Amino acid sequence: MDLDDDLPRKGDDPLARLLRQDLGPLSMSELEARVAALEAEIARTRRKMESAVNHKASAEALFKR
């Protein structure tokens, strides 16, 4: 599987722009801040995914009764 298969297809997608950003000109403190922001976004996304799974399981349990 090619890594590009997982990338958004829209050229103006914020994630696509983020992935293409040149990191060369960034200082160490800017890179550290970027990593911290990305880690926070990953944690937020995982919480949303967990919430969606829990919500689906609750709905399925409700309708199976």
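User: In which helix does R34 lie?

Analyst: In this predicted model, R34 lies in helix α2, which covers residues 28-64.

User: How should I read the word "buried", and is R34 buried or exposed?

Analyst: The general idea is that a residue counts as buried when its relative accessible area is under 20%, and as exposed when that value is over 50%. R34 is buried, in a protein chain where 3% of the 65 residues count as buried.

User: What is the nearest side chain of opposite charge to R34, and how far away is it?

Analyst: A salt bridge requires a side-chain nitrogen of Lys or Arg within 4 Å of a carboxyl oxygen of Asp or Glu. For R34 the nearest side chain of opposite charge is D22, which is 9.4 Å away, and R34 has no salt bridge.

User: Which residues does R34 contact instead, if I leave aside its neighbours within four places in sequence?

Analyst: With those neighbours set aside, R34 is in contact with L18, Q21, L23 and L26. With Q21 there is also a polar contact, in which the side chains of R34 and Q21 come to 2.4 Å.

User: Where is D22 found, and what does its side chain reach?

Analyst: D22 is found in the loop between α1 (14-20) and α2, and its side chain reaches the backbone nitrogen of G24 at 3.0 Å. D22 has a relative accessible area of 54%, and because this is over 50%, D22 counts as exposed, whereas R34 is buried.

Key
Residues numbered from 1 in each chain as written. Predicted model: local features only at pLDDT ≥ 70, side-chain atom pairs only at ≥ 80, totals over all residues. Heavy atoms only, no water. Helix = DSSP H or I, 4+ residues; strand = E, 2+ residues; numbered from the N terminus. Buried < 20%, exposed > 50% of the residue type's maximum accessible area, 1.4 Å probe, protein only. Lys, Arg positive; Asp, Glu negative; His and termini not counted. Polar contact = N/O pair within 3.5 Å; in protein donor to acceptor, adjacent residues only side chain to side chain. Contact = heavy atoms within 4.5 Å.
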